[in-house]
Amino acid sequence: DDGPNANVNTADIVRQLDKESQQPGAVARHDGNPDAALAGAAQRIEAVYQLPFLAHAAMEPMNCTVHLNGDRCDIWVGTQAPTRALATVAKLTGLPPDSIAIHNHLLGGGFGRRLDVDGIVHAVKVAQHVNGPVKVVWTREEDIQHDMYRPCYYDRLAAGLDSNGTPVAWKHRISGSSVCARYIPPFYQNGVDFDAVDGAMDPPYALPNIHVDYVRVEPPGIPTAFWRGVGATRGIFVVESFIDELAAAAKQDPVAYRKGLLGHNPRALGALTLVAEKAGWGEPLPSGRGRGVSVQFAFGSYLSQVAEVEVGSDGKVRVHRIVCAVDCGMVVNPDTIAAQVEGGALFGLTAALYGEITLKDGRVEQSNFDSYLPMRIDEVPVIETHIVKSIEEPGGIGEAPTAAIAPAVTNAIFAATGKRIRTLPIATNLPKLSG
């Protein structure tokens, strides 16, 4: 019995998001009078952006060892949430918390997947029927096809420009699942999921008339969860892509355009200035190549990336170089920062290029690394990290580069081809280069 969701398909979910996104949502931010400013603008630009479901696909699939022995339960597992695991096992077994031991191990890759405890619950339920220790290991196929997925999102944007190309109005509606409503209900307030609007509610730019709202749309039968870089991975892609669209509409250089909107934000401006210098912004490139830029404030750090990308005549995308400038406040270990930038950028890049979970007849179509593709070693670009000297308080670095890479790459594709990508992943949504 495939149950009530036996006919769920990706196209149906996108249609649902499209329909729901046409209605006003819960207000996350409202400054000025964006409707009036939009009505009086010299130029109006609109766009719709879409992001797919994503799996975590950690190298070590879900696994857990449990020994339930009368009035004691020992659990050996790698978990990002041992307190949640303890509380869940106590409720499931009826044992007091001091009779349960969570022996936490290295994760083998977490990326948000091991914030949830479904794998632990699975193993404990098996152990309740076995006299002795039990180890439950998910296959790769089970892990990818029964993940807790990053939500599929659907964004509507509209902006107005004055006669100089400066934005005078900005409207952004985000539609998608609320992870917070399930995982941390106190953070879902007044109909707004703070994670879903992250990166969209507070762009670093001077936008005098801005409205951002959120429409909660839950996909049928599909559990959603946090994914490395969380809300910023979708918010930054949309905001930085749309800012690039405004620069193109204003017929201005993307870096110069952003600088003009960052005079009030010296740390963001500093990161952008440094990355443009180190990337050789404006220097000529061979035919078929382009540079794209992104800027963000997320996880307490200011970060800017430039991607140098080649699009071949066959439509294949090759990322040759990523340059990153980061102001994460006071630096303790610069080598750690460089390592996090490299790992985070590649994690975000592999998703931008290939990451997509699709559904057909109520089932996930991807099953292993042949259909849910990771980047291969020969595809990995050169990554350079440049740190802005700062005495500000330290910010985060582990997730920041994951969020900034997708728009840098898609903006570079636009620079190389004149084709704008508004739906990820790139591999299945790159427009034909002819026509």
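1. A residue is called buried when its relative accessible area is under 20%, exposed when it is over 50%, and partly exposed in between, with a 1.4 Å probe and protein chains only. This is a predicted model, in which local features need pLDDT of at least 70 and side-chain atom pairs count only at pLDDT 80 or more, whereas totals for chains, interfaces and linings use all residues. Residues are numbered from 1 along each chain as its sequence is written, and side-chain values use heavy atoms, with hydrogens and water left out.

2. Taking a salt bridge as a side-chain nitrogen of Lys or Arg within 4 Å of a carboxyl oxygen of Asp or Glu, the count comes to 22 salt bridges. One of them joins the side chains of aspartate 147 and arginine 113, at 2.8 Å from N to O. Aspartate 147 lies in the loop between α5 (140-145) and β7 (153-161), and arginine 113 in the loop between β5 (100-104) and α4 (118-127), so the pair ties together parts that are 34 residues apart in sequence. Helices (H or I, at least four residues) and strands (E, at least two) are DSSP runs, numbered from the N terminus. Aspartate 147 is buried, with a relative accessible area of 2%, and arginine 113 is likewise buried, with a value of 2%.

3. A salt bridge also links the side chains of aspartate 116 and arginine 182, again with 2.8 Å from N to O. Aspartate 116 sits in the loop between β5 and α4 while arginine 182 belongs to helix α6 (residues 179-183), so this pair ties together parts 66 residues apart in sequence. Aspartate 116 counts as buried at 9% relative accessibility, but arginine 182 is partly exposed, at 36%.

4. Arginine 289 and glutamate 308 form a further side-chain salt bridge, at 2.9 Å from N to O. This pair links distant parts of the chain, with arginine 289 in strand β12 (residues 289-298) and glutamate 308 in strand β13 (residues 301-311), 19 residues apart. Arginine 289 is partly exposed, at 25% relative accessible area, whereas glutamate 308 counts as buried at 11%. Elsewhere, Glu240, Asp244, Arg258 and Arg420 are linked in a network of salt bridges.

5. In helix α9 (residues 266-279), the buried residues include Ala268, Leu272 and Val275. The buried residues of α9 pack against α8 (254-260), β12, β13, β14 (317-327) and β17 (382-387), where contact means heavy atoms within 4.5 Å. Just after α9, glycine 280 takes a positive phi of about 70°.
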